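These are my notebook entries on a single structure.

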Amino acid sequence: MKSIIRALSVAGAVVVAANAQAATELTVYTAVEAEDLKRYAKEFNKQYPDIKIKWVRDSTGIVTAKLLAEKANPQADVVWGLAATSLLVLKGEDLLQPYAPEGLDKLSAKFRDSDAVPSWVGMDAWIASICFNTVEAKKHNLSKPASWQDLTKPEYKGHIIMPNPNSSGTGFLDVSSWLQIYGEDKGWSFMDGLHNNIARYTHSGSKPCKLAASGETAIGVSFAFRGAKLKTKGAPLDLVFPSEGLGWDMEAAAIIKGTDKLDAAQKLMDFVASKPANTLYNKGYAVVAMPGIAKPVKHFPENPEALMIDNNFEWAAQNRMAILKEWQNRYDSKSDPK
């Protein structure tokens, strides 16, 4: 009997070892908010329990720079939740492996690469907003802004924090959208005026809103997802959606060319484009890639898509480096230390 038990134990150990060896680990670079990664992985693993996701998370600009630096020796298998403008840059450097995920035809055309076999697929859109602390504003006798241009008023001097576009995707969508809204000359002129009122530039897109929520500043230029969450938790915030229109970008995903785990990477992309994934995106984002899925999100405007500018992603990607260089030359003196 003891020999039978020993044999069964050995057999069981062999099965466990085989299953462990069969599991695939995907290294996934992401700029998705950290609190969302566990639930995304949990939902994915319901369908693909044998694929483990190893997240490598940082701000959009840092992830983009990391992928470009690793071009000769890629370390990531997939990028999931990076700005579409960044993915267009990576595509231009031939870093992405084209793949048409299952259900691609069910996604909105503006949420996918335009090639017949897309190099990237969109997930959701995040939109710019101003996080306005009503308590701090009253303390400093500040009126609530209604437009981007309002932020250049002298009354706001030292009361505004926004993200650095070199490290933050939110910062870059702000800057690129202002250049599109006003035109390049007037856009830089607007940012000159805004810079006069800036207290500091952060390296995170959500941080200005968090700082506004905690009362460290009256105004944080950030994005609606973060502001809505903080307001729901009781922060004394009003979300302002400026009258000129809202800059936006989309979180998107792609396979990194050269991965030796292509099958698992394709399965992850299938999930990215699926209904369950789009339903998850809608937990915090009012606009998602699959039409008919999104339900209203608390504290967002009723029709956020109507406020979003006609964003020229190709232009933003092609001019990204020049825009960032110009911004750095003009305004980097107020950036937080890295």
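**Entry 1: the disulfide.** I looked for cysteine sulfur atoms within 2.5 Å of each other, which is the definition of a disulfide used here. Cys 131 is joined to Cys 209 by a disulfide, with an S to S distance of 2.0 Å. By this rule the count comes to one disulfide. The model is predicted: local features need pLDDT of at least 70, side-chain atom pairs count only at pLDDT 80 or more, and totals for chains, interfaces and linings use all residues. Residues are numbered from 1 along each chain as its sequence is written, and side-chain values use heavy atoms, with hydrogens and water left out.

I then read the torsion about the S-S bond of Cys 131 and Cys 209; it is about -90°, so the disulfide is left-handed. Cys 131 lies in strand β5 (residues 121-133) and Cys 209 in helix α8 (residues 207-214), so the pair ties together parts that are 78 residues apart in sequence. Helices (H or I, at least four residues) and strands (E, at least two) are DSSP runs, numbered from the N terminus.

Are the two cysteines buried or exposed? I used relative accessible area with a 1.4 Å probe and protein chains only: buried is under 20%, exposed is over 50%, and partly exposed is in between. Cys 131 counts as buried because its relative accessibility is 0%. Cys 209 is buried as well, with a relative accessible area of 0%.

**Entry 2: strand β3.** I checked the cover of strand β3 (residues 78-83) and found six of its six residues buried. For pairing, I required that DSSP find at least two bridges between two strands. Strand β1 (residues 24-30) runs parallel to β3, and two bridges join them. Val 28 has Val 78 of β3 as its bridge partner. With strand β10 (residues 248-256), β3 pairs in the antiparallel sense over five bridges. Leu 82 stands opposite Ala 252 in β10.

Entry 3: The buried residues of α4 include Ala 84, Leu 87 and Val 89. Just after α4, Asp 94 has a positive phi of about 60°.

In helix α9 (residues 224-232), the buried residues include Phe 225, Arg 226 and Leu 230. Among the elements that cover the buried residues of α9 are α2, β5 and α8, where contact means heavy atoms within 4.5 Å. Gly 234 follows α9 and has a positive phi, near 105°.

**Entry 4: α7 against α14.** At what angle do these helices pack? Helix α7 (residues 184-197) and helix α14 (residues 320-331) pack at about 35°, with their axes 11 Å apart. The axes are lines fitted to C-alpha atoms, for helices over the stretch in contact, and angles run from 0 to 180 degrees between N-to-C directions. From α7 the contact is made by Trp 188, Met 191, Asp 192 and His 195, and from α14 by Ile 323, Glu 326, Trp 327, Arg 330 and Tyr 331.

**Entry 5: a loop position.** I located Asp 50 in the loop between α2 (34-47) and β2 (51-57). Asp 50 counts as partly exposed, at 43% relative accessibility. Asp 50 and Pro 304 are 254 residues apart in sequence and 38 Å apart in space, C-alpha to C-alpha.
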